[in-house]
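Dear colleague,

Here is the structure for your files. My notes on it follow below.

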Amino acid sequence: GDVPDSAPVIHEDALTHAGYGKPHLMAEFGIDYRADDGKYDPAKKGVNLHNGLWASVLSGNAGSAMLWYWDGYVHPNNLYYHFAALRKFCDAVPWTTGPWEPLVFSGDVAPRMNLYGLRHDTAAILWAQNADHTWKNVMENTPIAPIQGAVRAIQGLPNGVYSVEWWDTWKGEITKREELECGDNALSLRFPDIATDVAARLSMK
């Protein structure tokens with residue numbers, strides 16, 4: 001239980017292995033190799049599982065990271081909804097159209113926000129996490145202030161008008177749709193308030 005959040009670890013691991021140019025998968029992760037995540041998750045919310053799943057896919061891994069404790073934690077606590085939400089988000093992503101590259105962002109770095117994403121041609125996907133929303137803070141009932149008013153620009157997209165879908169990553173539902181214009185190969189995004197995390201899917205109209 002020494003690592004308060006798996007998301008940054010999984011993200012850095014994905015970037016490191018991307019240099020080899022081969023598919024990569026985080027085959028094992030968890031809070032503690034000596035006991036399942038339930039020891040640190042009395043409310044059975046699956047925060048560490050959730051963050052690990054979204055960080056892995058949105059960092060360019062070949063699939064979602066795999067938690068150690070399926071039989072003693074995921075299954076008895078019926079945490080499969082975390083997988084279902086991510087699957088719904090991924091269903092419409094054109095994964096096989098070509099290589100996906102990490103998103104490049106500009107603008108003020110929002111405090112306490114982890115921001116990971118990928119792009120291919122005129123499509124992009126991203127995941128923004130309130131960096132304070134970790135299994136450790138949730139377990140210890142530490143107050144977590146939402147991130148408000150964050151604005152970042154995606155660099156390198158072809159100019160044009162893009163459809164943007166904002167997603168509730170816990171329910172696997174679209175919460176908002178909007179159209180934004182990309183000019184000078186930069187598309188500015190104003191993020192909704194982030195209490196836990198949020199995802200977005202972008203495609204040129």
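**Helix α1 and the cores**

The buried residues of helix α1 are Ala-7, Ile-10, His-11, Asp-13 and Ala-14; buried means under 20% relative accessible area, exposed over 50%, and partly exposed in between, with a 1.4 Å probe and protein chains only. Seen down the axis of α1, these buried residues fall within an arc of 165°, so they line one face of the helix; the arc is taken over the directions from the helix axis to the C-beta atoms. An α-helix has 3.6 residues a turn, so residues three or four places apart point the same way.

This is a predicted model, in which local features need pLDDT of at least 70 and side-chain atom pairs count only at pLDDT 80 or more, while totals for chains, interfaces and linings use all residues. Residues are numbered from 1 along each chain as its sequence is written, and side-chain values use heavy atoms, with hydrogens and water left out.

Helix α1 covers residues 7-18 and spans 17 Å from its first C-alpha to its last, close to the 16 Å expected at 1.5 Å a residue (1.5 Å times one less than the number of residues). Helices (H or I, at least four residues) and strands (E, at least two) are DSSP runs, numbered from the N terminus. Among the elements covering the buried residues of α1 are α2, β3 (113-120) and β4 (123-130).

Ala-55 lies in α2, residues 47-57, and counts as buried because its relative accessibility is 0%. Leaving out residues up to four places away in sequence, Ala-55 touches Ala-7, Ile-10, Tyr-116 and Trp-127, where contact means heavy atoms within 4.5 Å. Its C-alpha is 9.1 Å from that of Leu-115, 60 residues apart along the chain.

The largest nonpolar core has 29 residues; such a core is a set of buried Ala, Val, Leu, Ile, Met, Phe, Trp, Tyr and Cys residues joined through side-chain atoms within 4.5 Å. Leu-49, Trp-54, Leu-58, Val-74, Phe-89, Ile-125 and Trp-127 touch the most other members. At least two residues of this core come from each of α1, α2, α3 (70-74), α4 (81-91), β3 and β4, and α2 gives the largest share, 5 residues. A second, separate core of 24 residues includes Ala-110, Ile-147, Cys-182 and Ala-200.

On the cysteines: Cys-182 is buried at a relative accessible area of 2%, and Cys-90 counts as buried at 15%. A search of the whole structure finds 0 disulfides, a disulfide being a pair of cysteine sulfur atoms within 2.5 Å.

Regards
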